Amino acid sequence: MIRALKPEEVALCVEGGKLFFAEGKVPGGFDPDVFIENGERLIEEERGVILGAFEGDRIVGALCGVLCQSFFSTAWLAVENFWYVIPGKRGQGIRLLDAYERWAEGAGADFVSMIHLEALQPEALAKLYVRRGYELVEKNYLKRIKKV
């Protein structure tokens, strides 16, 4: 089952967050307390959504999107913040993406933005995005200037 999380359920994503950071080699580290606080606030303030893929009471994947207005126009963007499905359950990923696109449309977004990490299936995700109608617009580079 795929559904939007309630603020008090954000902590269910901590296990997946740790796996995501380890597998994706994401710089900056993962602080579960900060993650939970930010996720709860995002949902409470209705600025975005965290969708969870559940098997019974266990969450096996999640996708977070933030709704914001473009800095350059009146267009509204649904911007993916994270998307992760635990190994062995990756078939849930497409269902999460489908639900995210439906949420974005219902929330009034004009565009949906998706990213991918270079360490996590970049070729496969690029093909998936293009097949679904996404266009490559930008690449993001990150430089560490301070230890976190």
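Reader: Is glutamine 121 buried, partly exposed or exposed, and what is its relative accessible area?

Author: One compares the relative accessible area with two limits: buried means under 20%, exposed over 50%, and partly exposed lies in between. Glutamine 121 has a relative accessible area of 41%, so glutamine 121 is partly exposed. Please bear in mind that this is a predicted model. Glutamine 121 belongs to the loop between E5 and H4, and its phi is near 50 degrees, a positive value in a residue other than glycine.

Reader: Where is glutamate 46 found, and what is its phi?

Author: Glutamate 46 is in the loop between H2 and E2. Its phi is near 55 degrees, positive although the residue is not a glycine. With 70% relative accessibility, glutamate 46 counts as exposed. A positive phi also occurs in glycine 108, which follows H3, with a value near 95 degrees.

Reader: How is helix H3 to be read, and what span does it reach from its first C-alpha to its last?

Author: The span is set against the one expected at 1.5 Å a residue. H3, residues 92–106, has 15 residues and reaches 21 Å, close to the 21 Å expected.

Reader: Which residues of H3 are buried?

Author: The buried residues are Gln92, Gly93, Leu96, Leu97, Ala99, Tyr100 and Ala104. They cover an arc of only 165 degrees around the axis, and therefore lie on the same side of H3. Arg102, Glu105 and Gly106, on the other side of H3, are exposed. The cover over the buried residues of H3 includes strands E1 (2–4), E2 (48–55), E3 (58–69), E4 (76–85) and E5 (111–113), together with helix H4 (122–131).

Reader: How does one describe a pair of aromatic rings?

Author: One gives the distance of the centres and the angle of the planes. The structure holds nine aromatic pairs. In one of them, phenylalanine 30 and phenylalanine 35 have ring centres 5.3 Å apart and planes at 50 degrees, so this pair is tilted. Phenylalanine 35 counts as buried, at 16% relative accessibility. For phenylalanine 71 and phenylalanine 72, the centres are 5.6 Å apart and the planes stand at 80 degrees, so that pair is edge-to-face. Phenylalanine 71 is exposed, with a relative accessible area of 78%, and phenylalanine 72 is likewise exposed, at 76%.

Reader: Which residues do ring pairs link into a cluster?

Author: The cluster consists of Phe20, Phe21, Phe30, Phe35, Phe82 and Tyr84.

Reader: What does the side chain of glutamate 9 reach?

Author: It reaches the backbone nitrogen of lysine 6, at 2.8 Å. Glutamate 9 lies in the loop between E1 and H1 and is buried, with a relative accessible area of 13%. Apart from neighbours within four places in sequence, glutamate 9 is in contact with Arg3 and Ala4.

Reader: Where does aspartate 31 lie, and which backbone nitrogen lies 3.0 Å from a polar atom of its side chain?

Author: Aspartate 31 is in the loop between helix H1 (14–24) and helix H2 (32–44). The backbone nitrogen is that of aspartate 33. At 40% relative accessibility, aspartate 31 counts as partly exposed. Its C-alpha is separated by 34 Å from that of arginine 131, 100 residues apart along the chain.

Methods. Residues are numbered from 1 along each chain as its sequence is written. Side-chain values use heavy atoms; hydrogens and water are left out. Helices (H or I, at least four residues) and strands (E, at least two) are DSSP runs, numbered from the N terminus. The expected span of a helix is 1.5 Å times one less than its number of residues. Buried means under 20% relative accessible area, exposed over 50%, partly exposed in between (1.4 Å probe, protein chains only). The arc is that of the directions from the helix axis to the C-beta atoms. Contact means heavy atoms within 4.5 Å. Rings of Phe, Tyr and Trp (its six-membered ring) pair if their centres lie within 6.5 Å; planes under 30 degrees apart count as stacked, over 60 as edge-to-face and the rest as tilted. A polar contact is a pair of N or O atoms within 3.5 Å; within protein, one must be able to donate a hydrogen and the other to accept it, and residues adjacent in sequence count only if both atoms are side-chain atoms.
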